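Let's take a walk through a protein together. Keep the sequence and the 3D view open as you read.

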Amino acid sequence: MTNYLISFPSAAMVLSDEELQAAADAAHAVVQEAKDAGVWVFGGGIDESVPPVMVDGDGAVTEGTYPQTRQIEGGYTVLELPSREAALEWAAKIAVACRCAQEVRAFQYDPAG
């Protein structure tokens, strides 16, 4: 089994308040379906009101991010699935619920996982 990250940036969801509520309800239904299927690992949306920080090995904390990750925001789902094809099927369900395309990435195999 492989863990897959299914995600989208918040800017991809351009919805009215009414559409947003319908999308939230549909997304919660897909989450429940994934939980019922036993493939749910975790998921949620990045709280964009909380600024990111960097933590060094000595515990020093500084505001900001790596330049490459400055735009990390939006919604994320991690599912444990038997194949890339299964990940694409779940991504399609999430895309319908959220009304926007989803990005799919596989986590590397972790023998200790």
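Is E33 buried, exposed or partly exposed? With a relative accessible area of 35%, E33 is partly exposed, since that value falls between the cut-offs of 20% for buried and 50% for exposed. Keep in mind as you look around that this model is predicted.

Now find the partner of E33. Its side chain meets that of K93 in a salt bridge, with 2.6 Å from N to O. E33 sits in helix 1 (residues 17-37) and K93 in helix 2 (residues 84-98), so this pair ties together parts that lie 60 residues apart in sequence. K93 is also partly exposed, at 32% relative accessibility.

A search of the whole structure turns up two salt bridges. E103 has a relative accessible area of 39%, which makes it partly exposed.

Next, let's turn to the nonpolar side chains. In soluble globular proteins, such side chains tend to be buried together. Here, the largest nonpolar core has 17 residues. The residues with the most contacts inside this core are I6, V39, L79, L81, W90 and V104. Strand 1 (2-8), helix 1, strand 5 (75-81) and helix 2 each supply at least two of the core's residues. Helix 2 gives the largest share, seven residues.

Finally, zoom in on W90. Leaving aside neighbours within four places in sequence, W90 is in contact with I6, V30, A34, A37, V39, L79 and L81, among others.

Key: Residues are numbered from 1 along each chain as its sequence is written. This is a predicted model: local features need pLDDT of at least 70, side-chain atom pairs count only at pLDDT 80 or more; totals for chains, interfaces and linings use all residues. Side-chain values use heavy atoms; hydrogens and water are left out. A salt bridge is a side-chain nitrogen of Lys or Arg within 4 Å of a carboxyl oxygen of Asp or Glu. Helices (H or I, at least four residues) and strands (E, at least two) are DSSP runs, numbered from the N terminus. Buried means under 20% relative accessible area, exposed over 50%, partly exposed in between (1.4 Å probe, protein chains only). A nonpolar core is a set of buried Ala, Val, Leu, Ile, Met, Phe, Trp, Tyr and Cys residues joined through side-chain atoms within 4.5 Å. Contact means heavy atoms within 4.5 Å.
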